[in-house]
Amino acid sequence: MAKKSVFGLDENIAGMLSYALFFFSGIVILVMERENKTVRFHALQSILWFVFLSILNQVVRFLAWLPLLGGLLANVVWLVTVVSWAYLMYMAFVGKKFKIPMFGDIAESQVNR
């Protein structure tokens, strides 16, 4: 039987939903989930990763005035965001705990305190 989580969802579904609306859903699930450490990990990693990408996107937008480099950087950040979003949702859905370097370690250490 699958472990249950917030809102009575299976652990893998709640973990996947942590990434669904980027850091917004991560915040909601982190606040609502009190027990399941796996779901809390996914929610916190979602918050950390997508806040970082949002800040990086703002920096790249500032650099957009640079010929070629600005547009290239914006496309790379967009591609990283979309690919990582889909991959993290998939990995959570299949029940694998993929840790983004640095961000996953921070999330794991905070959840296990």
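Reader: What percentage of the 113 residues of the protein count as buried?

Author: This is a predicted model. Buried here means under 20% relative accessible area. Of the 113 residues of the protein, the share that counts as buried is 35%.

Reader: Which pattern does the protein follow along the sequence?

Author: The protein has five helices and zero strands. Read along the sequence, the pattern is therefore made of helices, with strands defined separately as E runs. That pattern is α-α-α-α-α.

Reader: What does the C-alpha trace of the protein span along its principal axes?

Author: The protein exposes about 7100 Å², of which carbon and sulfur atoms supply 72%. Along the principal axes, the C-alpha trace spans about 55 × 25 × 20 Å.

Reader: Among contacts between residues at least 6 apart in sequence, what percentage join residues at least 24 apart?

Author: A contact means heavy atoms within 4.5 Å. Among contacts in the protein between residues at least 6 apart in sequence, those that join residues at least 24 apart make up 63%.

Reader: How far does helix α4 reach from its first C-alpha to its last?

Author: Helix α4 covers residues 69-93 and has 25 residues. At 1.5 Å a residue, 36 Å is expected, and the reach of α4 is close to that. From first C-alpha to last, α4 reaches 36 Å.

Reader: Against which helices do the buried residues of α4 pack?

Author: The buried residues of α4 are Gly70, Val77, Thr81, Ser84, Leu88, Met89, Met91 and Ala92. They pack against α1 (11-20) and α3 (37-62).

Reader: Is Trp78 buried or exposed?

Author: Trp78 lies in helix α4. Trp78 and Leu53 are 25 residues apart in sequence, and their C-alpha atoms are 8.9 Å apart in space. The relative accessible area of Trp78 is 56%, and the cut-off is over 50%, so Trp78 is exposed.

Reader: What covers the buried residues of α1?

Author: The buried residues of α1 are Ala14, Gly15, Met16, Ser18 and Tyr19. Their cover includes α2, α3 and α4.

Reader: Are α1 and α3 roughly parallel or roughly antiparallel to each other?

Author: The axes of α1 and α3 come within 8 Å and cross at roughly 10°. Angles under 35 degrees count as roughly parallel. The two helices, α1 and α3, are therefore roughly parallel.

Reader: How many nonpolar, polar and charged residues does the contact of α1 with α3 have?

Author: From α1, the residues are Glu11, Ala14, Gly15, Ser18 and Tyr19. In α3 they meet Thr38, Val39, His42, Ala43, Gln45, Ser46 and Phe50. By class, this contact of α1 with α3 has five nonpolar, six polar and one charged.

Reader: Where is Met102, and what is its relative accessibility?

Author: The phi of Met102 is near 70°, a positive value in a residue other than glycine. Met102 is found in the loop between α4 and α5 (103-111). Met102 counts as exposed, with a relative accessibility of 52%.

Reader: Which residue just after α4 takes a positive phi?

Author: Helix α4 covers residues 69-93. Just after α4, a positive phi of about 85° is taken by Gly95.

Key
Residues are numbered from 1 along each chain as its sequence is written. This is a predicted model: local features need pLDDT of at least 70, side-chain atom pairs count only at pLDDT 80 or more; totals for chains, interfaces and linings use all residues. Side-chain values use heavy atoms; hydrogens and water are left out. Helices (H or I, at least four residues) and strands (E, at least two) are DSSP runs, numbered from the N terminus. The expected span of a helix is 1.5 Å times one less than its number of residues. Buried means under 20% relative accessible area, exposed over 50%, partly exposed in between (1.4 Å probe, protein chains only). Axes are lines fitted to C-alpha atoms, for helices over the stretch in contact, and angles run from 0 to 180 degrees between N-to-C directions. Angles under 35 degrees count as roughly parallel, over 145 as roughly antiparallel, 65 to 115 as roughly perpendicular and the rest as oblique. Ala, Val, Leu, Ile, Met, Phe, Trp, Tyr, Cys and Pro count as nonpolar, Asp, Glu, Lys and Arg as charged, and the others, Gly among them, as polar. Accessible areas come from the Shrake-Rupley method with a 1.4 Å probe; for residues, only the protein chains shown count as cover.
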